[in-house]
Amino acid sequence: MKKSQSYANANIALVKYWGKSDIALNIPAMPSLSMTLDGLGCKVCVEPSSTSSSHELFIDDEKSLGPEFTRLSVYLEQVRGFYSFDGFLKISSKNFMPMSAGLASSAAFFAALATALNDHFGLNLSPKSLSRLARLGSASAARSIFSKWALLEGGEINDDEAHALPIILPDSLDLAMLIAVTSTAKKAISSRDAMKITGASSPYYPAFLATHRGDFKDMQAAIRDGNFHLMGELMEHSCMKMHACMMAARPSINYFNHDTVKLIHFIYEIRKKYGPIAFFTIDAGPNVKILCRSQHLELVKSAFSLSGLCQDIYVSRPGLGAYVVES
Ligand code: PMV
């Protein structure tokens, strides 16, 4: 049988989701809105397994039998339940970014995998159904199916309604994202587990749920109006509200390290000096993503490079959605 290869970029949410309304189907508890990151992604190859009894996973040429393999096997069996197929699969991935450090590597992996599975089995899925297939593996992956900017529905909705859609920004919003890496260490707790703990024990989670839809609508309006300043404020609000919720859980979940906090203050300093040109967001990891207009990219990048707080800085523009790589 043929070998199918696909590539997908990671994406970063400006308005984040946190928690699931349906754990088995991996439906997010609330909507989210993201930028697809050009050049930070993952290539996935799907072919028949060399064994007749199990799937196989190779990450950057190394066989994986750890938690990633277990998660993949569960996903592939779920896919088999929806689109029956015979035998087992060998999945090989090559990452073009650090894994498990809050840089959305699982979003890129599952978006590329869903796209490769669609090609391998000739499923001919529409972009919406492909996004839904990616979501079953990782909810944020649903957004990486689409180019540039996407929104993912969430809440009390059905399996087939929980997919992403592309959104178009006005031309005046020519934006870029910087990824300031403070650590590439594997995170101590997966976002999936952290969501469960937060939902079960954070007294702030109900407030997060109750106010999220308003933030999401305000962000959509800010985008429509081309209001970068308001977009930035709302992005930081969504991020800090999510992390405050996690920090108030039992046990407390704190993805920030020393440099994450220093970088937040560094951005405040930049805004004091230059005005509202840069805003941050942080996912389930210690790295800081900074949104700015393209015209300020060089200024912001050199300020961060000189700060001495980042191990690495990646620059990304709105990137392509997942696609099949012809071999
Ligand atoms: O869907 P996951 O398991 O990749 O978790 C995503 C969690 C956040 O990045 C913090 C939020 C989001 O909307 O991407």
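Which helix holds both Tyr 205 and Phe 208, and how many residues apart are they? Both lie in helix H6, three residues apart, about one turn of the helix, where helices are DSSP runs (H or I) of at least four residues and strands (E) are runs of at least two, numbered from the N terminus.

## Basis of the model

This is a predicted model, in which local features need pLDDT of at least 70 and side-chain atom pairs count only at pLDDT 80 or more, while totals for chains, interfaces and linings use all residues. Residues are numbered from 1 along each chain as its sequence is written, and side-chain values use heavy atoms, with hydrogens and water left out.

## Aromatic pairs

The whole structure contains nine aromatic pairs, a pair being rings of Phe, Tyr and Trp (its six-membered ring) with centres within 6.5 Å, called stacked when the planes are under 30 degrees apart, edge-to-face when over 60 and tilted otherwise. One of them joins Tyr 205 and Phe 208 in a tilted arrangement, 6.2 Å centre to centre with 40 degrees between the planes.

Tyr 268 and Phe 280 form an edge-to-face pair, at 6.2 Å centre to centre and 65 degrees between the planes. Because Tyr 268 lies in helix H8 (residues 258-274) and Phe 280 in strand E11 (residues 278-282), this pair ties together parts that are twelve residues apart in sequence.

## Burial

Tyr 205 and Phe 208 are both buried, where buried means under 20% relative accessible area, exposed over 50% and partly exposed in between (1.4 Å probe, protein chains only). Phe 280 is buried at 0% relative accessibility, whereas Tyr 268, at 33%, counts as partly exposed.
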